Amino acid sequence: MALLRFLSSLLLVIATAAPLASATNSEGEALYAFRIRLSDPSNVLQSWDPTLVNPCTWFHVSCDNQNHVIRLDLGNSSISGSIVPELGRLKHLQYLELYRNNIYGEIPKELGNLKNLVSLDLFENKLEGHIPKSLAKLKKLKFLRLNNNKLTGTIPRELNTLKNLKVFDVSNNNLCGTIPIDGPFAAFSPQSFANNSKINGPEI
Ligand SMILES: *[C@@H]1O[C@H](CO)[C@@H](O)[C@H](O)[C@H]1NC(C)=O
Ligand SMILES: *[C@@H]1O[C@H](CO)[C@@H](O)[C@H](O)[C@H]1NC(C)=O
């Protein structure tokens with residue numbers, strides 16, 4: 001009887017401690033902080049269970065063999081909401097794909113902390129505010145597509161230090177100012193900058 005009582009109290013302790021012990025890691029927490037701010041009418045985030053040990057089994061999340069998140073693929077997913085600064089904690093992230101949704105608000109400057117990012121695709125959303133100059137810290141960036149949003153301000157000159165940039169598109173926004181002709185920007189066609197009411201021709 002005493003043993004039974006001991007066993008049942010032990011079970012109770014385990015059951016109470018379990019959610020804590022298996023709580024998702026810091027990368028999962030960052031993703032979950034994003035998830036709780038999103039509206040998800042198509043239930044694409046249904047598998048995002050914060051009690052799992054890491055987010056590597058969540059749909060639209062990919063990890064490397066060390067269980068670090070390297071991709072977030074949520075393009076064309078009918079999600080709406082804003083991008084949370086916590087996403088800047090995904091230090092191993094290489095692909096942030098949030099294109100063709102209803103994402104609004106500003107691009108958090110914290111995305112400049114994603115030092116391993118190769119691709120930042122935020123095109124065809126409702127983003128507003130300025131392009132953060134912190135994005136110039138993303139030295140591995142090859143694809144930066146911010147087109148078809150409602151971004152304002154100038155293209156930060158600092159972005160012209162992104163030597164690996166292969167594809168750059170800020171067309172169809174409300175940007176102003178001039179296009180630097182030095183550095184990688186010189187290689188991009190005028191279409192990359194098209195349909196911004198106030199962008200002047202290349203700087204001479
Ligand atoms: C976007 O997703 C919808 C269904 O969710 C699909 O029918 C459509 O083909 C997708 N569009 C693109 C361009 O991938
Ligand atoms: C600019 O806007 C026009 C009219 O909406 C559109 O037809 C054209 O494709 C746009 N250009 C680019 C490069 O997106």
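An oxygen atom of ligand 2 lies 2.2 Å from an N or O atom in the side chain of Asn195. This is a predicted model. Asn172 also supplies a polar side-chain atom, which sits 2.8 Å from an oxygen atom of ligand 2. The residues around the ligand are Asn172, Gln191, Ala194 and Asn195. Three residues of this shell are polar and one is nonpolar. None is charged. How much of ligand 2 does the protein bury? Taken alone, ligand 2 exposes 360 Å², and the protein buries 34% of that.

Now the sheet. Six strands form it, in the order 1-2-4-6-8-10. The sheet is open and its pairing is mixed. From one strand to the next, the twist averages 15 degrees. Which strands stand at the edges? They are strand 1 (61-63) and strand 10 (167-169). Each has a single partner strand, so one side of each is left without a neighbour in the sheet.

| Strands | Sense | Bridges |
|---|---|---|
| Strand 1 and strand 2 (residues 69-73) | antiparallel | three bridges |
| Strand 2 and strand 4 (residues 95-97) | parallel | three bridges |
| Strand 6 (residues 119-121) and strand 8 (residues 143-145) | parallel | three bridges |

Individual residues show how these strands line up. Ser62 stands opposite Arg71 in strand 2. Leu72 stands opposite Leu96 in strand 4. Asp121 stands opposite Arg145 in strand 8. In a regular strand, side chains alternate between the two faces of the sheet.

Strand 1 and strand 2 form a hairpin. Five residues lie between the two strands. Which residue of this hairpin takes a positive phi? Asn67 does, with a value near 65 degrees.

One annotated region remains. An unreviewed UniProt entry carries the annotation "domain: Leucine-rich repeat-containing N-terminal plant-type" for residues 25-64. Over residues 25-64, the chain is 25% helix and 8% strand. The end C-alpha atoms of this stretch are 15 Å apart.

Definitions and conventions:
Residues are numbered from 1 along each chain as its sequence is written. Chains are lettered from A and ligands numbered from 1 in the order in which they are written. This is a predicted model: local features need pLDDT of at least 70, side-chain atom pairs count only at pLDDT 80 or more; totals for chains, interfaces and linings use all residues. Side-chain values use heavy atoms; hydrogens and water are left out. A residue is near a molecule or strand if one of its heavy atoms lies within 4 Å of it. A polar contact is a pair of N or O atoms within 3.5 Å; within protein, one must be able to donate a hydrogen and the other to accept it, and residues adjacent in sequence count only if both atoms are side-chain atoms. Accessible areas come from the Shrake-Rupley method with a 1.4 Å probe; for residues, only the protein chains shown count as cover. Ala, Val, Leu, Ile, Met, Phe, Trp, Tyr, Cys and Pro count as nonpolar, Asp, Glu, Lys and Arg as charged, and the others, Gly among them, as polar. UniProt positions are given in the numbering used here, feature names are shortened, and annotations may be inferred rather than shown by experiment. Helices (H or I, at least four residues) and strands (E, at least two) are DSSP runs, numbered from the N terminus. Two strands pair if DSSP finds at least two bridges between them. Axes are lines fitted to C-alpha atoms, for helices over the stretch in contact, and angles run from 0 to 180 degrees between N-to-C directions.
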